[in-house]
Amino acid sequence: MILRTEHRDLDTAIDALRSMAAPDQLQLARLKKRKLRLKDEIAVLEDMRVPDIIA
């Protein structure tokens, strides 16, 4: 899934930015925010794939 790949790529980018001597905090915050949006989008799409079961 493309979204999962982007989510993993953001993990890598965040880790690389954190390892810098003086990381750009604004850029770090933006990457984290994007990662959270992707996580939410992935969750919504996964919920749509699983049918609701009425008991």
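Student: Is arginine 4 buried, exposed or in between?
Tutor: This is a predicted model, and in it arginine 4 counts as partly exposed, because its relative accessibility is 36%.
Student: What does arginine 4 form a salt bridge with?
Tutor: Its partner is glutamate 46, and the closest N and O atoms are 1.8 Å apart. The two sit in distant parts of the chain: arginine 4 belongs to helix 1 (residues 2-18) and glutamate 46 to helix 2 (residues 25-49), 42 residues apart.
Student: And how accessible is glutamate 46?
Tutor: Glutamate 46 has 25% relative accessibility, so it is partly exposed. The cut-off for buried is under 20%.
Student: How many salt bridges does the structure hold?
Tutor: Three. Another one joins arginine 34 and glutamate 6, at 2.9 Å from N to O. Arginine 34 is in helix 2 and glutamate 6 in helix 1, so this pair ties together parts that are 28 residues apart in sequence.
Student: Where does that leave arginine 34 and glutamate 6 on accessibility?
Tutor: Arginine 34 is partly exposed at 28%. Glutamate 6 is partly exposed too, with a relative accessible area of 28%.
Student: Which residue does aspartate 11 pair with?
Tutor: Aspartate 11 forms a salt bridge with lysine 35, with 2.3 Å between the closest N and O atoms. Aspartate 11 lies in helix 1 and lysine 35 in helix 2, so the pair links parts 24 residues apart in sequence.
Student: Changing topic. How many helices and strands are there in the chain?
Tutor: Two helices and zero strands. The radius of gyration is 15 Å, well over the 10 Å that the globule rule gives for 55 residues, so the chain is more spread out than a compact globule.
Student: What box do the C-alpha atoms fill?
Tutor: Roughly 55 × 20 × 15 Å, taken along the principal axes.
Student: How much of the chain is buried?
Tutor: Of its 55 residues, 16% count as buried. The accessible surface of the chain is about 4,700 Å², and carbon and sulfur atoms account for 59% of that.
Student: Last one: how far apart are the mean positions of the positive and negative charges?
Tutor: They are 4 Å apart, for 11 positive and 10 negative charges.

How values were computed: Residues are numbered from 1 along each chain as its sequence is written. This is a predicted model: local features need pLDDT of at least 70, side-chain atom pairs count only at pLDDT 80 or more; totals for chains, interfaces and linings use all residues. Side-chain values use heavy atoms; hydrogens and water are left out. Helices (H or I, at least four residues) and strands (E, at least two) are DSSP runs, numbered from the N terminus. The radius of gyration is taken over C-alpha atoms; the globule rule is 2.2 Å times the number of residues to the power 0.38. Buried means under 20% relative accessible area, exposed over 50%, partly exposed in between (1.4 Å probe, protein chains only). Accessible areas come from the Shrake-Rupley method with a 1.4 Å probe; for residues, only the protein chains shown count as cover. Lys and Arg count as positive and Asp and Glu as negative; His and the chain ends are not counted. The place of a charge is taken as NZ of Lys, CZ of Arg, CG of Asp or CD of Glu. A salt bridge is a side-chain nitrogen of Lys or Arg within 4 Å of a carboxyl oxygen of Asp or Glu.
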